[in-house]
Amino acid sequence: MPDPIHNELREKLHHLSQQWMEQGLPTREKLETTVKQLADWKRQHAVQGLWPLRPRMVTATLDDGMGHGLDLIERFAAVLGLSIHHLGLMQRPEPILSACHRMVPEFLGLTVLHPGSEDDLARIGNGLPPRTCLIAGGPAFTYDPDMAHRCAVAHRARNVAYFIDFLLNWTPLNAPTRE
């Protein structure tokens, strides 16, 4: 049973995600300020995260050489309490799949900018360990909303608000699997 301080973290994140899903995201600067404030609050209150055992998340980009969106996702994931293993930018499917089979994380977070990355995304989505949930986001899904389904993406995160909302509703008992 979560204690009041964990509930307070959950409520803070829930409020932000709902507000951002309804009203749109604030500026990048405001997002960065918010995630820093949340991380500082966690440190001040000695809160590890929302779960007693920290879920693991491997992150990478397929075709994004900047990684600004992935950086925000990783920072908010850390506030939620995930353990992050950053593979890097512009990764090929082989190292991503290798890391996921070696570590068997609960989540793989990918950024996909271009629809031309569909074959690589499908290879990854169909090659993951059964307990690894593929969360992907990026403009490629705006151009082709059905690509997520074709590529075995368990959750398409339209932006960081939807990512936070998804994780607030995730528990190890309702974790999607590919079995």
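The largest share of the lining of the largest pocket, four residues, is supplied by helix 3, where helices (H or I, at least four residues) and strands (E, at least two) are DSSP runs numbered from the N terminus. The structure is a predicted model, in which local features need pLDDT of at least 70 and side-chain atom pairs count only at pLDDT 80 or more, while totals for chains, interfaces and linings use all residues. Residues are numbered from 1 along each chain as its sequence is written, and side-chain values use heavy atoms, with hydrogens and water left out.

At least two lining residues each come from helix 3 (68-80), strand 3 (107-111), strand 4 (133-137) and helix 8 (160-168). The pocket (on a 1 Å grid over the protein atoms alone, an open set of points where a 1.4 Å probe fits, with protein on both sides within 12 Å along at least five of seven lines; lining residues have an atom within 4 Å of a point) has a volume of about 290 Å³, this being the space filled by probe spheres set on the points, which are joined across faces, edges and corners. Of its 21 lining residues, Gly69, Ile73, Gly137, Ala157 and Asn159 lie nearest the centre.

The axes of helix 4 (residues 93-103) and helix 5 (residues 118-127) come within 10 Å and cross at roughly 15 degrees, axes being lines fitted to C-alpha atoms over the stretch in contact, with angles running from 0 to 180 degrees between N-to-C directions. Helix 4 and helix 5 are therefore roughly parallel to each other (angles under 35 degrees). The contact (heavy atoms within 4.5 Å) involves Pro93, Glu94, Ile96, Leu97 and His101 of helix 4 and Asp120, Arg123, Ile124 and Gly127 of helix 5.

Note on methods: Parallel < 35°, antiparallel > 145°, perpendicular 65-115°, else oblique.
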